[in-house]
Amino acid sequence: MSNDDLRGKLHAKQRIAEHLDASLSFVDRQIRRGVFRAVRLTPKMTRVDGDSVADYLAAKASAPSLPRGAAAKRTGRVA
């Protein structure tokens, strides 16, 4: 599934987690932070807005990555 396939649809949290190769707790955390918009249909059924996930992925792809760990200490650029 491409990022454009996410747009305009609501998706199950599990499907979003699989697409991002992430855990359900990561998806839940992003929903709580307001990064992903979501709708709770029943107490056990939540759907995630695909537009917010696609926007997140687009922003992540365009942002420069800073060195982490030992590389950050060597360069003095800590994120």
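Guide: One term to start: two strands pair if DSSP finds at least two bridges between them. Helices (H or I, at least four residues) and strands (E, at least two) are DSSP runs, numbered from the N terminus. This is a predicted model: local features need pLDDT of at least 70, side-chain atom pairs count only at pLDDT 80 or more, and totals for chains, interfaces and linings use all residues. Residues are numbered from 1 along each chain as its sequence is written, and side-chain values use heavy atoms, without hydrogens and water.

Visitor: OK. In which sense do β1 and β3 pair?
Guide: Antiparallel, over 3 bridges. Strand β1 covers residues 10-12, and strand β3 covers residues 45-49. Leu10 has Asp49 in β3 as its bridge partner.

Visitor: And how many bridges join β2 to β3?
Guide: 4, and these strands run antiparallel. Strand β2 spans residues 38-42. Val39 sits opposite Arg47 in β3. A hairpin of 2 residues joins β2 to β3.

Visitor: So what is the strand order in the sheet?
Guide: The order is β1-β3-β2, in an open sheet of 3 strands. β1 and β2 are the edge strands, each pairing on one side only. From one strand to the next, the twist averages 35 degrees.

Visitor: Helices next. Which strands does α2 touch?
Guide: β1 and β3. Contact means heavy atoms within 4.5 Å. Helix α2 (residues 13-20) packs on the sheet, at about 85 degrees to the direction of β1. Axes are lines fitted to C-alpha atoms, for helices over the stretch in contact, and angles run from 0 to 180 degrees between N-to-C directions.

Visitor: What about α4, where does it lie?
Guide: Across β1 and β3. Helix α4 (residues 50-62) runs at about 50 degrees to β3.
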